[in-house]
Amino acid sequence: MNRKTTTLLFDFDGTLVDTNELILSSFTQTLDFFYPGVYQREEIITFNGPPLYETFSKIDPERADEMISHYRAHNWENHDLLVKEFTGVFETIKTLSESGYKLAIVTTKKRDIVEKGLALTKLDQFFDVVVTLDDVEKAKPDPEPVFTALKLLGSTPQEAIMVGDNYHDILSGQRAETKTAGVAWSAKGADYLNQFNPDYMLETIADLFTILEDNRL
């Protein structure tokens, strides 16, 4: 059986770039505006991952759109101040690109803010395929975003790994029948991600080189 991996699909937030404080700040500011003093940091951290509409609809379906607009305004205005690079990501992605691997972003964020983050970190030069919330009918954990990226890249699930920091990433990859990799630098922690049985757990982004070497045949 051909085990060669040719294709790597990456979640963006919390996987390639450290947007954890930006997301937490945006949620905190929004929830404090609508529900002063109700939500604490520990609970807010759990909101990171799903599409915004899913999260805010569970809090208040009648005001979800209003809360999303408030969140996105704060997120956009504070983006460049709070977004940070994870150690080794730029160098690793650059090497993977130069080595001929097919690379894609698969995210639950809207395109404008993803492109802003890619440009800020200069990662945009390595990704010809970026699948966002604007490009699909069903977001992760549905397999549609993964299938969309694979189709655009001309790849099959069997030659791909979906890499992410949240259970939505793992489940989306599993449902599309790719291999999956969690990242130990997830805000929710490696133990949380291991509950969803990813094929690999990356301690650093450079661990991908070892995985790819093992899968080269």
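1. A word on terms to begin: helix axes are lines fitted to C-alpha atoms over the stretch in contact, and angles run from 0 to 180 degrees between N-to-C directions. Helices (H or I, at least four residues) and strands (E, at least two) are DSSP runs, numbered from the N terminus. Please keep in mind that this is a predicted model, in which local features need pLDDT of at least 70 and side-chain atom pairs count only at pLDDT 80 or more, while totals for chains, interfaces and linings use all residues. Residues are numbered from 1 along each chain as its sequence is written, and side-chain values use heavy atoms, with hydrogens and water left out.

2. Let us start with α3 and α4. Helix α3 (residues 52–59) packs on helix α4 (residues 64–82) at about 130°, and their axes lie 9 Å apart. That angle makes α3 oblique to α4 (under 35 degrees counts as roughly parallel, over 145 as roughly antiparallel, 65 to 115 as roughly perpendicular and the rest as oblique). The crossing is right-handed, meaning that the near helix is turned clockwise from the far one by less than a right angle.

3. Who touches whom here? From α3 come L52, Y53, F56, S57 and I59, which meet A64, D65, M67, I68, Y71 and R72 of α4; contact means heavy atoms within 4.5 Å. These residues divide into eight nonpolar, one polar and two charged (Ala, Val, Leu, Ile, Met, Phe, Trp, Tyr, Cys and Pro count as nonpolar, Asp, Glu, Lys and Arg as charged, and the others, Gly among them, as polar).

4. Now for α1 (residues 20–34), which packs with α3 at about 30°, with the axes 13 Å apart. The two helices are therefore roughly parallel to each other, and their crossing is right-handed. F27, T30 and L31 of α1 meet L52, T55, F56 and I59 of α3, a contact of five nonpolar, two polar and no charged residues.

5. Just after the helix, G100 takes a positive phi of about 95°.
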